Amino acid sequence: MTARPTACLVLADGTVFYGRGFGATGQTVAELCFNTAMTGYQEIMTDPSYAGQIVTFTFPHIGNTGVNVDDDETAEPVAAGMVVKWDPTLASNWRSEKELTEWLAARGRICIGGVDTRRLTRAIRQQGAPHVALAHDPEGNFDLEALVAEARAFAGLEGLDLAKHVTCAQSYQWNEMRWAWPEGYAPRTEPGFKVVAVDFGAKRNILRCLASAGCDVTVLPATATADEVLAHKPDGVFLSNGPGDPAATGEYAVPMIKEVLGTNIPVFGICLGHQMLALALGAQTIKMNHGHHGANHPVKDLETGKVEITSMNHGFTVDSQTLPDGVVETHVSLFDGSNCGIRMAGRPVFSVQYHPEASPGPQDSYYLFERFAEAMRAAAATPA
């Protein structure tokens, strides 16, 4: 670089990466992770599971498809910031409505380009997800000592309940189905299974997949009680993805889940919902070194032998060694052997760590939504 840096990324150990700032100006403090997906940066930045995190993209061509309103997974970006190898490229896609840099600036996200993301990714893998401060100043004036101090003062995500910050404020109905050519997002009009989706930070495409699988979806806030869930007389209960420490969110969510499990209602969980279902069943969760973030993660179904390529975004995992009797491990990561799925023996209750709705990512795991629908169909056919 010959020009004066306009942004810097400061790690808690004092390491400094200089680069070119884009998006909003200012500074932010968060945990740093890396994502290996080659597509879907807009969906990643608007995934509520990234609350409290800055995302390093290992793929260098960020910005090349622009942004559009259809690809937002929530109304606003949730990830605290973005780190990229090259400055965002100009959009070249027929669906693009705006440049990525404009979109990020308008939404207050601080970003840095020109960073050696390979070196940064190696550091994250070897040392764990670091606490960092990211600053963008067009004049290039940075108080490095203060930024290091802020990074070191960041408390981290352990013990932090972030679901309450990204959940919906009140209940609402959802009927929009998955995107299809040429209609786009069509509404579901036929009656279907009544599903209550507990929103710990739900992505829109998860709700679309539920609707496409034949569900009439009612979304409730993360703090919903069992009485509030069961008052809707649901055919099934869905536990969504979300950010933060599952043990912290579980302080209020696990009692609700335990009461729901006292009924014969089918339950399906994804990501944070998977972790909290495990907690409700008596297992434990642990913080991972650097987590799983990407759209190329191989997962093995232990019951069929099938391998799925999945999309993942999590920094905590279920400790499979703590699964109690009656809870079966169904899926494992082929990267590190960590738990990726469970089910209750003899009950229509199951969950997965990964994101079967994709957005971004492969569609190998859409069948799980159909499995949930089939569980509700079977429960409805069984005499009470």
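**Pockets, cores and backbone details in a predicted model**

Let me start with the largest pocket, which has a volume of about 610 Å³. A pocket here is found on a 1 Å grid over the protein atoms alone, as an open set of points with protein on both sides within 12 Å along at least five of seven lines, whereas a cavity is a set of points where a 1.4 Å probe fits but cannot get out; lining residues have an atom within 4 Å of a point. Grid points are joined across faces, edges and corners, and a volume is the space filled by probe spheres set on the points.

Residues are numbered from 1 along each chain as its sequence is written, and side-chain values use heavy atoms, with hydrogens and water left out.

The lining of the largest pocket comprises 32 residues, and those nearest its centre are Glu43, Asp71, Arg95, Ser359 and Pro360. At least two lining residues come from each of helix 1 (41-45), strand 9 (176-180) and helix 6 (204-212), with helix 1 supplying the largest share, 3 residues. Helices (H or I, at least four residues) and strands (E, at least two) are DSSP runs, numbered from the N terminus.

Ser359 is buried, at a relative accessible area of 15%, where buried means under 20% relative accessible area, exposed over 50%, and partly exposed in between (1.4 Å probe, protein chains only). As background, most residues other than glycine have a negative phi, and most peptide bonds are trans.

A cis peptide bond also joins Trp181 and Pro182, with omega about 0°, and Pro182 sits in the loop between strand 9 and strand 10 (184-187). Lys233 has a phi near 50°, a positive value in a residue other than glycine; Lys233 is exposed, with a relative accessible area of 64%, and lies in the loop between helix 7 (226-230) and strand 13 (236-239).

Now to the packing. Of the 33 residues in the largest nonpolar core, Phe200, Val229, Leu239, Met256 and Leu261 touch the most other members. Elements giving two or more residues to this core include strand 11 (193-199), helix 8 (246-261) and helix 9 (272-281), and helix 9 gives the most, with 7 residues. A second, separate core has 30 residues, among them Ala213, Val217, Ile270 and Val352. A nonpolar core is a set of buried Ala, Val, Leu, Ile, Met, Phe, Trp, Tyr and Cys residues joined through side-chain atoms within 4.5 Å.

Helix 4 (residues 144-153) has Leu147, Val148 and Ala151 buried, and seen down its axis the buried residues of helix 4 fall within an arc of 100°, so they line one face of the helix. The arc is that of the directions from the helix axis to the C-beta atoms. On the other side of helix 4, Glu145, Arg152 and Ala153 are exposed. The cover over the buried residues of helix 4 includes strand 1 (7-11), strand 3 (26-35) and strand 7 (131-136), contact being heavy atoms within 4.5 Å.

Finally, how many disulfides does the structure hold? There are 0 disulfides, a disulfide being a pair of cysteine sulfur atoms within 2.5 Å. Cys33 is buried, at 1% relative accessible area, and its sulfur is 12 Å from the closest cysteine sulfur, in Cys271, which is too far for a bond. Cys215 also counts as buried, at 1% relative accessibility, and the sulfur of Cys215 is 10 Å from the closest cysteine sulfur, in Cys209, again too far for a bond.

Key:
This is a predicted model: local features need pLDDT of at least 70, side-chain atom pairs count only at pLDDT 80 or more; totals for chains, interfaces and linings use all residues.
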